[in-house]
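User: I would like to go through this model with you. Could you begin with the terms you will be using?
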Amino acid sequence: MSSRRSSRLRQSGSSRISDDQIADLVTKLQHLIPELRRRRSDKVSASKVLQETCNYIRNLHREVNDLSDRLSELLASTDDNSAEAAIIRSLLNY
């Protein structure tokens, strides 16, 4: 274990996490990310898993923003008192 990491572990006290727990969490994360799930090999570095996870979250965030924009545009073109407008508002959490 690196001295930097052991130093961090000592400082964190009861929030210690073992290498096995980290490996298990990385494996679980790998199974959640579509890009990594499609790969045939089970051997993917933790660094790659974290990079792909960040990319995936960024893409999801972008998709949510795009959908929100599209719903806002749709709401602007809909009669405010219509059932459609009420559904769109509920989707936008207005």
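Analyst: A residue counts as exposed when its relative accessible area is over 50%, as buried when it is under 20%, and as partly exposed in between. Please note that the model is predicted.

User: Which class does Arg38 fall into, then?
Analyst: Arg38 counts as exposed, because its relative accessibility is 58% and the cut-off for that class is over 50%.

User: What does the side chain of Arg38 meet in a salt bridge?
Analyst: The partner of Arg38 is Glu35, with an N to O distance of 3.2 Å. Glu35 is partly exposed, since its relative accessible area is 35%.

User: Let me step back to the overall fold. How many helices and strands does the protein chain have?
Analyst: The protein chain has five helices and zero strands. Read from the N terminus, the order of elements is α-α-α-α-α.

User: What share of the residues counts as buried?
Analyst: The protein chain has 94 residues, of which 18% count as buried. The chain exposes about 7,700 Å², and carbon and sulfur atoms supply 52% of that area.

User: And the contacts between residues 24 or more positions apart, what percentage do they make up?
Analyst: Among contacts in the protein chain with a separation of 6 or more, residues 24 or more positions apart account for 6%.

User: Back to charges. How many salt bridges does a search of the whole structure find?
Analyst: The search finds three. Side chains of opposite charge can pair when their charged atoms come close. Besides the pair of Glu35 and Arg38, there is a salt bridge between Asp24 and Lys28, at 3.3 Å from N to O, and another between Glu52 and Lys48, where the closest N and O atoms are 3.2 Å apart.

User: Where do Asp24 and Lys28 lie?
Analyst: Both belong to helix H2, and they are four residues apart, about one turn of the helix. Asp24 is partly exposed because its relative accessible area is 39%. Lys28 is likewise classed as partly exposed, at 47% relative accessibility.

User: Why are Glu52 and Lys48 separated by about one helical turn?
Analyst: The separation is about one turn because the two residues are four positions apart in helix H4, which covers residues 46-76.

User: Is Glu52 buried or exposed?
Analyst: Glu52 counts as buried, because its relative accessibility of 14% is under the 20% limit.

User: Staying with helix H4, what about Thr53?
Analyst: Thr53 is found in helix H4 and counts as buried, at 10% relative accessibility. A polar atom of the Thr53 side chain lies 2.7 Å from the backbone oxygen of Val49.

User: Which residues does Thr53 touch, not counting those up to four places away in sequence?
Analyst: With those sequence neighbours set aside, Thr53 touches Leu29 and Ile33.

User: One last topic, the surface. Which residues form a nonpolar patch there?
Analyst: The patch consists of Ile17, Ile22 and Leu25, which together have about 220 Å² of accessible area.

User: Where is Leu25 placed, and which accessibility class does it have?
Analyst: Leu25 sits in helix H2, which spans residues 19-32. It counts as partly exposed because its relative accessibility is 46%, a value between the limits of 20% and 50%.

Note on methods:
Residues numbered from 1 in each chain as written. Predicted model: local features only at pLDDT ≥ 70, side-chain atom pairs only at ≥ 80, totals over all residues. Heavy atoms only, no water. Patch = residues over 30% accessible without salt bridge, like charges linked within 9 Å, V, L, I, M, F, W, Y side chains within 5 Å. Areas by Shrake-Rupley, 256 points an atom, 1.4 Å probe, with all protein chains shown as cover. Salt bridge = Lys/Arg side-chain N within 4 Å of Asp/Glu carboxyl O. Buried < 20%, exposed > 50% of the residue type's maximum accessible area, 1.4 Å probe, protein only. Polar contact = N/O pair within 3.5 Å; in protein donor to acceptor, adjacent residues only side chain to side chain. Contact = heavy atoms within 4.5 Å.
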